[in-house]
Amino acid sequence: ISEAENLMTDTANGFVFLSELVAKQAVVYQDLHEGKSYALPTFFPQIDDLLLDGFSKGDLHLIAGMSGNGKSALMLNFAKNQAKNGYCVGVVSLEMPETENIIRLQASETQVPRWHIRQHLHRTDLEILLSNLSEMATLKIAFNTITGDIYALPFQVREMVEKHGLDILY
């Protein structure tokens with residue numbers, strides 16, 4: 001083996017030469033041709049189409065907007081759809097406690113308006129929400145509303161991936 005060939009296969013430092021990746025990439029293209037997706041869909045067809053089948057695994061996607069424009073609601077709907085389709089979803093939310101996130105999830109799922117879910121909740125709405133809780137319990141959505149240390153988060157996420165197969169994090 002020449003020194004140049006030795007360099008072309010030395011990936012100990014994290015770099016990988018294109019020559020080492022082409023065979024793997026050919027498999028990716030064959031999979032795509034056969035209908036396999038490497039993206040995590042939102043299950044909103046128009047959004048998935050714009051995102052080229054959904055969120056690319058390993059990528060960071062930023063949803064920005066003014067307060068009250070529906071960013072959290074959109075994210076929770078993505079999370080709910082993904083969990084309903086067998087994905088494990090993590091949600092880091094320092095702006096809302098778990099109860100509010102669950103209320104928002106249920107409001108969209110049950111069509112009980114968010115503004116109904118408050119003091120003196122109507123008996124019909126109560127029954128609908130309580131009945132829906134058993135379905136919500138089957139969804140693999142995990143909330144983290146307490147981590148204030150940004151440096152601890154990668155370790156917590158890695159643990160979720162290893163222990164629970166976390167597919168996406170919001």
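Relative accessible area under 20% is termed buried, over 50% exposed, and in between partly exposed (1.4 Å probe, protein chains only). The model is predicted: local features need pLDDT of at least 70, side-chain atom pairs count only at pLDDT 80 or more, and totals for chains, interfaces and linings use all residues. Residues are numbered from 1 along each chain as its sequence is written, and side-chain values use heavy atoms, with hydrogens and water left out.

**View A. Salt bridge between Glu159 and Lys163 in helix α7.** A salt bridge (a side-chain nitrogen of Lys or Arg within 4 Å of a carboxyl oxygen of Asp or Glu) joins these side chains at 3.0 Å, N to O. The two residues are 4 apart in the helix (residues 153-164), about one turn; helices are DSSP runs of H or I, at least four residues, numbered from the N terminus. Glu159 is partly exposed at 41% relative accessibility, whereas Lys163 is exposed at 58%. Elsewhere, salt bridges with shared partners join Lys80, Lys84, Glu109 and Glu135 into one network.

**View B. Salt bridge between Glu100 and Arg114.** The closest N and O atoms are 2.9 Å apart. The pair links distant parts of the chain, Glu100 in helix α5 and Arg114 in a loop, 14 residues apart. Glu100 is buried at 17%, while Arg114 is partly exposed at 35%.

**View C. Surroundings of Glu98.** Glu98 lies in helix α5 (residues 98-110) and is partly exposed at 36%. Not counting residues up to four places away in sequence, Glu98 contacts (heavy atoms within 4.5 Å) Phe143 and Thr145.
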